[in-house]
Amino acid sequence: MFKLKFRPDTDRDAIVREMLLHPLGYLRILSIICSSVVFGCVVDRLYNPVYLYQCAFNNNGNCCKLAIAVGVIGFVISLMFLVKDVLYHAVDFSENFNFKVLMVLVDAAVHIPTGLLWFASFSFSADQWRKTPDKNDLQGLSLVNRGNAVVAFSFFCVLLWLANVVINMILMICLMLKRGGRSRGYASFPEGSDSVHPDGPSTS
């Protein structure tokens with residue numbers, strides 16, 4: 001069990017601001033937006049299991065179901081890890097080093113398989129959208145735009161999830177370097193340093 005010790009020198013507003021200014025904060029927000037666009041566009045008139053023409057993607061209901069499922073999963077995961085980021089920046093580094101390392105590893109471990117799901121969804125939807133015989137029959141230009149948006153934003157999500165894993169790996173290296181510097185009594189990584197500070201930019 002981890003006994004968390006929070007940073008005494010930072011208020012709640014500063015922690016939230018620090019989290020949002022961190023590169024992962026930008027990625028979380030973009031991931032939430034892109035995920036909501038994907039499943040929102042599919043649910044909004046691109047998929048209707050009641051009618052014979054189930055799915056605008058080559059009438060393949062599985063394609064629409066996959067896009068909805070992955071979009072909702074990505075949306076929920078992004079929200080959950082946005083809350084995780086607040087906790088990550090709130091706890092003290094020296095007292096909770098192992099906990100911070102665990103959070104970074106869990107973050108990367110969750111985003112790797114989810115990124116693969118996004119890649120599968122993008123590949124499937126792009127292939128089925130290409131095979132759709134006549135997009136002009138999709139009841140107007142708005143449905144065509146929605147189909148294009150699903151493919152485009154699914155691709156953006158693949159890039160966002162990949163960037164998340166890469167940044168977490170860089171963050172892990174920074175944590176180890178900072179830990180190693182402190183254990184040797186070096187002053188290479190001061191608390192106010194923005195270069196490799198794993199908690200984000202300084203608020204002082």
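Author: Buried means under 20% relative accessible area, exposed means over 50%, and partly exposed lies in between (1.4 Å probe, protein chains only). This is a predicted model, where local features need pLDDT of at least 70, side-chain atom pairs count only at pLDDT 80 or more, and totals for chains, interfaces and linings use all residues. Residues are numbered from 1 along each chain as its sequence is written, and side-chain values use heavy atoms, leaving out hydrogens and water.

Reader: What percentage of the residues in the protein is buried?

Author: The protein has 204 residues. Its pattern along the sequence is α-α-α-α-α, with helices taken as DSSP runs (H or I, at least four residues) numbered from the N terminus. The buried share of the residues is 45%.

Reader: Which residue forms a salt bridge with Arg28?

Author: A salt bridge is a side-chain nitrogen of Lys or Arg within 4 Å of a carboxyl oxygen of Asp or Glu. Here the closest N and O atoms are 2.7 Å apart, and the partner of Arg28 is Asp85. The pair links helix α2 (residues 23-46) to helix α3 (residues 61-90), 57 residues apart.

Reader: Which residues are linked with Arg28 in a network of salt bridges?

Author: Asp107 forms a salt bridge with Lys84, with the closest N and O atoms 3.1 Å apart. This pair links helix α4 (residues 97-131) to helix α3. Asp107 is buried at 0% relative accessible area, and Lys84 is buried at 14%. The residues networked with Arg28 are Lys84, Asp85 and Asp107.

Notes
Helix = DSSP H or I, 4+ residues; strand = E, 2+ residues; numbered from the N terminus.
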